[in-house]
Amino acid sequence: MTAVIPAGPARHVEDLDAVGRRWRLGVVLFIFADAAFVASLVFTYFYLRGLNTDSGWFPDGAASTPIWIGWTIAAGTVLSAAAYRWGHSGIRAGKEERLVLGAGLAVLVVLVVVVGQLIQLATFPFGVADSSYGSTTYVLGAANMFHLLITLFVGLGIVNRGRLHKFSSTNNWQVQIIGLWWTWVAAAAVLSAFTTSFVASPNLLVGNG
Amino acid sequence: MSEAMVEFAAAPPSTGGGGLLRRLNLLTAVAGGVLFAAIGWYISHRIMQLGDFGSDRVVTITLICWALGFMVGIGAFAGPLRWLLGRDQEHEDEMFLAGKDQGIGRYFRFTTDHKVVGIQYLVVTMVLFAVGGTLAMTIRTNLITPNSGFLGPQTYNAVVGIHGLVMIIATIVMVTGPFGNFIMPIMIGARDMAFPRLNALSLWLLVAAVPILLSAAFLGGIPTGWTGYAPLADQAPPGMDAYTMTIIVFAMSSAIAGVNITTTALTMRARGMTWSRTPIFVYGVVASVGLAIPAFPMFMSAEVLLGMDRSFGAQFYVAAGGGSPWLYTNLFWLMGHPEVYVIVLPAVIALMEITPVFTRKPLFGFNVAVLSIVGIVGLSVMVWAHHMFTTGWAPDLNGSFMLTTELISIPTGLLFLVIIGTIWRGRVWTTLPMMAVYAMLWNFIIGGVTGIYLSDVPADYALHGSMFVTAHFHYTLMGAGLTGAIGALFYWFPKMTGRMINKRAGLVSFWLVQIGFNVTFMGMFAVGLAGQPRRVVHYDHLFAVGNFVSTMGAYCIGVGMLILLYAVVSSWRHGAVAPANPWGAKTLEWAVPNPIPLENFEVLPVVISDPYGYGEGDPVLPPTQRELVPVGAPRDPVAEDDTETSQS
Amino acid sequence: MTIPAQVGGRVRSWMNRPEMRGVFWIWAAMTAVLVVFSLYVPARLMGPPASPTMHAVENTMTVFTVAASPVAAAVWSVALYSLLAWRHRGSGQPETDGPPIRGNTPVTALWLVLSSLLCVFLLIWGLAAMQSVTAAAAGRVPLQVNVVGQQWLWSFSYPGQGDIETDQLYLPIDQPVVFHVTSKDVVHSFWVVQMGIKIDANPGETTVTNVTPNKLGTFVVRCAELCGLLHADMEAAVHVVSADDFAAWARGRRSPPVESSPPK
């Protein structure tokens, strides 16, 4: 036989650290999956921009969205992630109020960013059907919106649970794994802003229609 | 099953725990799905006037609402909401969710027990195979003569697409779903998966996707083949919206399952189960679902963009608006080639797990097997463009993709070495599972060699898009993959159902399926070499003989599969009761009693050697663990009572 | 004793073991059968080639099948021998276990080296074949043919011949041809079956392939990418004719006789 059964009492309750480690790995893998999704959208942007089929990437006379809007949204997301981290460092030192304050602030910033992202999506100076630039910019914005909404949900959860005294200096793995997600959302927003900073196609000679 | 029903009648669920989930089951899920779909349809069609009765936007919104309503109705959102509100689950709730004392009802709920989820996956897989197989018979019937006229071109294209997608989904889940969920956690000595609720979520997302997929049949079908190439997909009927939604929901399900299974295998192995003591099947499952984690989100993004093209007139794949069909093929095959290994690896490696048991020998070259799995996984993400040699997207890169593709033959060859090395001088016990190993050795060699022809760029120019390709991938996905899954089913059937499978019916079905399979696809190789394109509703008289032979072989497979279905259903209901370890195997799943208790192990085992020590005698316990009781020794009845009381 | 002699002695004693002899003879017989199969079947099924490209492809098929024969035979001969010699002939579990062989480094190394060599051979073969296909077109000025796919027919035009348009392909024998392929709607795939060339017709892009027909006769273009309802019917004839006949045909198409021009 390959295994033995220890002759001790049965233990069905698991160690908190083990559970935390497990969830951390799970969240890292989820972020990996989501990163593959975001990466394929970024690939889409640069590939279509590079191909510029029929000179249709960004037709002459088309309008583009101002670059600063994307960077402002990214900056807001980074700010919220920083506020959340501040709150997390609070609970690690056992300060519950700081967690609630930091996470609450982070949620408020995300709320503002959600509104900003909504306004951007609603007021793009082009339609989703106008050009492949338009389509890809829309989908990047929508993906960011999706990230922000999930972040809003989990952020609210952390604020509420912090208020209900669910966390302590030793039991804060939930705060930590959501911090990982938050950091990734901020990174993805920066990546998205970076991507949409490149508008005109470098490939202007193509077009064999 | 009948026993379970008696149990259900005798012991009604206890009243404690569960909360809202107590009232939710498959029926409320379907009701929720239908209700949400109706509301979605009414709002999008009547109120917002987004389009006609069957326009793309209306269909897409209706299908999204179906999936949402179904998940609400099954109770998938109850957990996250309780978390948000800070009302965490009590032990009693968890026990209810795990299906404690619920008899057969637990198979129709959001049940978290990995064994329930495994059985649910098995049933869903079998339903999908039944649908896909029936469609395959329809396709072959149409191709029995050059101009049979059995199906019109529109129906034919629709049927081919649905057959393809149904079978792809069925084969992706066929090993990691039933056996990865049911067997793998016990094999590593765990009480459940790492994230039991995500496990139920991935299963019910798959169940929600099945009606969406089947709805394609009533929405004009999927007339693009399973690949759904744009821009043909842009002009297809609303069945294509069902296609994109199916893939989006299924991709979520697979990514979630991938995260869950990977985390389980990485963090929940029993004490003492080092990587060199971990059964090879665990490696196969992790390789498969690990590849799925990055692959399926890419698939999902390809289909999100396609859905936007169709519903909002976006320009991702439409050349006139600056889009490109090459974008679709790239995104699709970035997923599509790893996906091939998602299907084949766990099936072949399940057979690798089976081989030592039925040759009574240790696995030959365990480290070689592990390295070759790692090699295949690593290379598989670098070969996608060999599906695109003829697209013209980057002719200069064809040589390098030929290189990476041919390199895969080296680790794949090592997998064969491991299996024949294990068979070498063994006590070959030719049971049904072992027969599947032999069948795989035959089929997978043919599938692999024909794959090498197709990796050769000039040969691919001649063969791409012909029936030769169809025959090639059926040899790998069906000849190796499905054969492996059937072998795994034969092997683990006694553990999963507590009954022995009907050996005679199994034998008849095995021979009918394997002979039929080889006849079908040898015929297809011949017509493919002679120049018959894939996915054609009628063909030149030149190809008449080969196609007739193929169709006869296909009928043979069909009859064999019906007999297999009979064997499974009848043995499940009243087969001979199986002993706990009918094959004398050494992995941990055979050390738990039949039927398996709710949390598998009362006391978690400690692993002291790998499970392949055939012919080596029992390993000596290290001195520090002498007080441990070996598995299989009679358990202390008092201790058992204690755990019972502590659980309830 | 020197090292080669030691190795030689080990190999000899190995080869004297009954299972090695059994497997060897099965392997030799299987390899022989498979080689004969390789030499006669795959290329014949593909039919007589109508271009050097197709000829090279058929050679590749034959050579690869020959190369795969000993490997396939190695796996299958062990499998077959194990069933003949080592099968446990009782109904229950075998009473004794097999020998506890956990691996064999020389065998694994040999397998790895042989399969790597085979892989390198396949790669070099493939690259050389790709090279020869491109080199063949380099020498002479090719005849350009523009190919347009649309649902569900092919149309061809000859820009060097006064823009003749036609729905059947006419090609002069032994003259390099370059096809510029595009599509009006969805993706099609331009496949000249007997010449072994194929390239997708993509909307918005032009792809290029080339071939030198070397056989007189009528061949066929099929669409090899599912393109909708009548995909199966998307075929066109290819007539390979002598250079003189081609010139005459082109002249005839450029200035069509008055009686056959469409009525105003």
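This is a predicted model: local features need pLDDT of at least 70, side-chain atom pairs count only at pLDDT 80 or more; totals for chains, interfaces and linings use all residues.
**Exercise 1. The fold of chain A**

In what pattern do the elements of chain A follow one another, read along the sequence?

*Solution.* Residues are numbered from 1 along each chain as its sequence is written, chains are lettered from A and ligands numbered from 1 in the order in which they are written, and side-chain values use heavy atoms, with hydrogens and water left out.

Step 1. Read along the sequence, chain A runs β-α-α-α-α-α. Helices (H or I, at least four residues) and strands (E, at least two) are DSSP runs, numbered from the N terminus.

Step 2. The tally for chain A is five helices and one strand.

Step 3. Chain A has a radius of gyration of 22 Å, well over the 17 Å that the globule rule gives for 209 residues, so chain A is more spread out than a compact globule. The radius is taken over C-alpha atoms, and the globule rule is 2.2 Å times the number of residues to the power 0.38.

Step 4. Along the principal axes, the C-alpha atoms of chain A fill a box of roughly 75 × 50 × 20 Å.

**Exercise 2. Chain A against chain B**

Describe the interface of chain A and chain B, from its extent to its make-up.

*Solution.* 

Step 1. Chain A brings 51 residues to the contact and chain B brings 67 residues; contact means heavy atoms within 4.5 Å.

Step 2. About 4900 Å² is buried between chain A and chain B, 71% of it on carbon and sulfur atoms. Buried area is the accessible area (1.4 Å probe) that two parts lose on being put together, summed over both.

Step 3. Side chains of opposite charge can pair when their charged atoms come close. A salt bridge is a side-chain nitrogen of Lys or Arg within 4 Å of a carboxyl oxygen of Asp or Glu. There are two salt bridges between chain A and chain B. One of them joins A:R161 to B:D88, with the closest N and O atoms 2.7 Å apart.

Step 4. Twelve residue pairs are in polar contact across the interface of chain A and chain B (both at pLDDT 80 or more). A polar contact is a pair of N or O atoms within 3.5 Å; within protein, one must be able to donate a hydrogen and the other to accept it, and residues adjacent in sequence count only if both atoms are side-chain atoms.

Step 5. On the side of chain A that touches chain B, the elements giving two or more residues are β1 (3-5), α1 (16-51), α4 (132-163) and α5 (173-196) of chain A. Of these, α1(A) gives the most, with 17 residues.

Step 6. By class, that side of chain A has 30 nonpolar, 15 polar and six charged residues. Ala, Val, Leu, Ile, Met, Phe, Trp, Tyr, Cys and Pro count as nonpolar, Asp, Glu, Lys and Arg as charged, and the others, Gly among them, as polar.

**Exercise 3. Chain C against chain B**

*Solution.* 

Step 1. The contact takes 78 residues from chain C and 87 from chain B.

Step 2. Chain C and chain B bury about 7100 Å² between them, with 68% of it on carbon and sulfur atoms. In chain C, the residues that lose the most area to chain B are C:W76, C:R102 and C:L226, together 10% of what that side buries.

Step 3. The rule finds five salt bridges across the interface of chain C and chain B. Among them is B:R360 with C:D97, the closest N and O atoms being 3.4 Å apart.

Step 4. The count of residue pairs in polar contact between chain C and chain B is 30 (both at pLDDT 80 or more).

Step 5. α4(C) gives the most to the side of chain C that touches chain B, with 14 residues. That side divides into 44 nonpolar, 22 polar and twelve charged residues.
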